[in-house]
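Hi everyone, thanks for making the time this morning. Let me put the model up on the screen, and then we can walk through it together.

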Amino acid sequence: MTETMRVRFAPSPTGFLHVGGARTAIYNDLLARGADGVFILRIEDTDRERSDEAMTRQIREALAWLGVEWNEGPHLQSERLARHRERVEELAAAGHAYRAFETPEELEALRRAAEAEGEKFRYRESASPLSSEEVERRRSSGAPYVVRFRMPVESVAIDDMVRGLVDYPPDAMDDFVLLRSDGSPTYHLSVVVDDIDMGVTHVLRGEDHLPNTPKHIGLFRAFAAAEPRFGHLPLILGPDRKRLSKRTGATSVEEFRAQGILPQALYNFLALLGWNPGDEREVMTRAELIEAFTAERLNDSPAVFDAEKLSWMNAQYLSSLPLEEVLHHLEPFLEPAGLAGVDRERLAVAVDLHRSRPRTLVELAESVAPYFADGIEWNRETCARFLAEEGLADDLEELARRYATVEPFAKEPLEELLRAQAEELGQKAGYLIHPLRMALTGVKAGPPVFDVVEVAGRELATSRLAAFAAWLRAGV
RNA sequence: GUCCCCAUCGUCUAGCCAGGUCCAGGACUCCACCCUUUCAAGGUGGCAACACGGGUUCGAAUCCCGUUGGGGACACCA
């Protein structure tokens, strides 16, 4: 019986959920689900100033929308302060921690001095540490102090799930702070205490945490706790090959959501940004991803975020997902497109007809709007060729008259009728087809016209044809 | 600056650990054609890469060293 895998995703609630964080969450999701493990959500909100409840909710909603499932939490790190302090006391009692009285100014001076020597300043307990009497004396005199970890002076090797063996030399670490002078625990302490208490077995996080790992390992050992397996994911870069930032485009899950990206598409796309199944599949459901996922195939070089490919992926889902699902996700985009109270059954038909074209839900809503609008606008530029066609207005009016009585109002008879009329006129069918589409939708391209006419319905089709004919005449 | 990580088409990547089957495969983008009196979707084809220099080897995209380039981290922030 092997132990249950327990992973955690531990964002700090300092804003919207970043796609980098989202991807980390996705890989943890994949890892846990594939092993029948437990996914713990923990909010690292120890930096009180920058955190608030709204942001925490924001993160939960973004994860839920994305389809990442957590089994435990969210735990709030801020609610575990007492536990964190208690653990520092244990550390101190066992000789793994000590008080240090340097002021921030003194530390700054030491740092500058080291730098002047071309060295990197690392705080280590001085060769002649303060006697316990001296510590007591300073403390009772009210001098502020921090509690530092007595980091063993030895190299630390990390067997990283994605990078293999990574070595840190002894002087890469220092006696980092555990408790600030106001008594609050630092990040390093909190994470390790929480990971131990929550029984975390695998830590899969961003590469920016790699240099912290030897420190964390030092703490795990001091606590005599089992070390989890670590894995460090390369960062996501922007088109400028720099860390993804708002300057080069959308970066948060909620922005993509607002742009009309489907959660399935974002999940799939992010999962493929730094991992692949080893075969040539790309469009994969979460279930398929879970089935195929192994940490061994995680990439170790950073990836540039390609918004273009995300768009393509989104289009794939837009046209292949069950219609009901698309409709469900389209709901929030209805109102902005003026489709708020529209008949859902007709909407479903129109969406199904159009959904293989747009790349986003925003575009999908817009493309379907003409079926429900009172009237539409025609653009003189795009209609130039129709405007120049003499007699076209008359012919379209004739078409409208015939469409007013055709039975049934369905695409086959609709097409036959139009072709017959074109033949009478000695014209090709395209002569009527193109202006017909323009008349109904206001755009020059779209689904097959007769489908469009059928979905539009007799009343809308005939009246819009008449209105377009009138507009053409007025334009000439 | 110091420490750590990384390096295949413009981008995401397969191949690298177990060297030959790779004049390097797939996908996005772009182009052409097929389908379609439109536009998508779909299909077919095309353009496009092993960063550089040394080794090791009969043979290197694959192993080793170096260079260059990119990224990350160096707090009483997380």
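Let's begin with RNA strand B: 67 residues surround it, and the closest are Arg-163, Arg-180, Glu-282, Ala-429 and Gly-446. A residue is near the strand here if one of its heavy atoms lies within 4 Å of it. Before I go on, please keep in mind that this is a predicted model, where local features need pLDDT of at least 70, side-chain atom pairs count only at pLDDT 80 or more, and totals for chains, interfaces and linings use all residues. Residues are numbered from 1 along each chain as its sequence is written, chains are lettered from A and ligands numbered from 1 in the order in which they are written, and side-chain values use heavy atoms, with hydrogens and water left out.

What kinds of residues make up the surface near RNA strand B? They divide into 29 charged, 21 nonpolar and 17 polar. Charged covers Asp, Glu, Lys and Arg; nonpolar covers Ala, Val, Leu, Ile, Met, Phe, Trp, Tyr, Cys and Pro; the others, Gly among them, are polar. Several elements supply at least two residues each, including helix H4 (104-116), strand E5 (146-149) and helix H18 (430-441). Helices (H or I, at least four residues) and strands (E, at least two) are DSSP runs, numbered from the N terminus.

Now the RNA side. Of its atoms within 4 Å of the protein, 73% belong to sugar or phosphate, and the rest to bases. Polar contacts are pairs of N or O atoms within 3.5 Å. For instance, a polar backbone atom of Tyr-187 sits 3.2 Å from a phosphate oxygen of RNA strand B, and for Trp-312 a polar side-chain atom is 3.5 Å from a phosphate oxygen. At Ser-356, a backbone N or O atom is 2.7 Å from a sugar or linking oxygen.

Strand E5 also belongs to an open sheet of 3 strands, in the order E4-E5-E8 with antiparallel pairing. Strands E4 (97-100) and E8 (177-179) stand at the edges with a single partner strand each, so one side of each has no neighbour in the sheet. Two strands pair if DSSP finds at least two bridges between them, and E5 and E8 have 2. Arg-148 has Val-177 in E8 as its bridge partner.

Last stop: strand E9 (residues 202-206). Is it buried or exposed? 5 of its 5 residues are buried, so E9 is largely enclosed by the rest of the structure; buried means under 20% relative accessible area, with a 1.4 Å probe and protein chains only. E9 runs parallel to strand E10 (residues 229-233), joined by 5 bridges.

Technical notes: Buried means under 20% relative accessible area, exposed over 50%, partly exposed in between (1.4 Å probe, protein chains only). A polar contact is a pair of N or O atoms within 3.5 Å; within protein, one must be able to donate a hydrogen and the other to accept it, and residues adjacent in sequence count only if both atoms are side-chain atoms.
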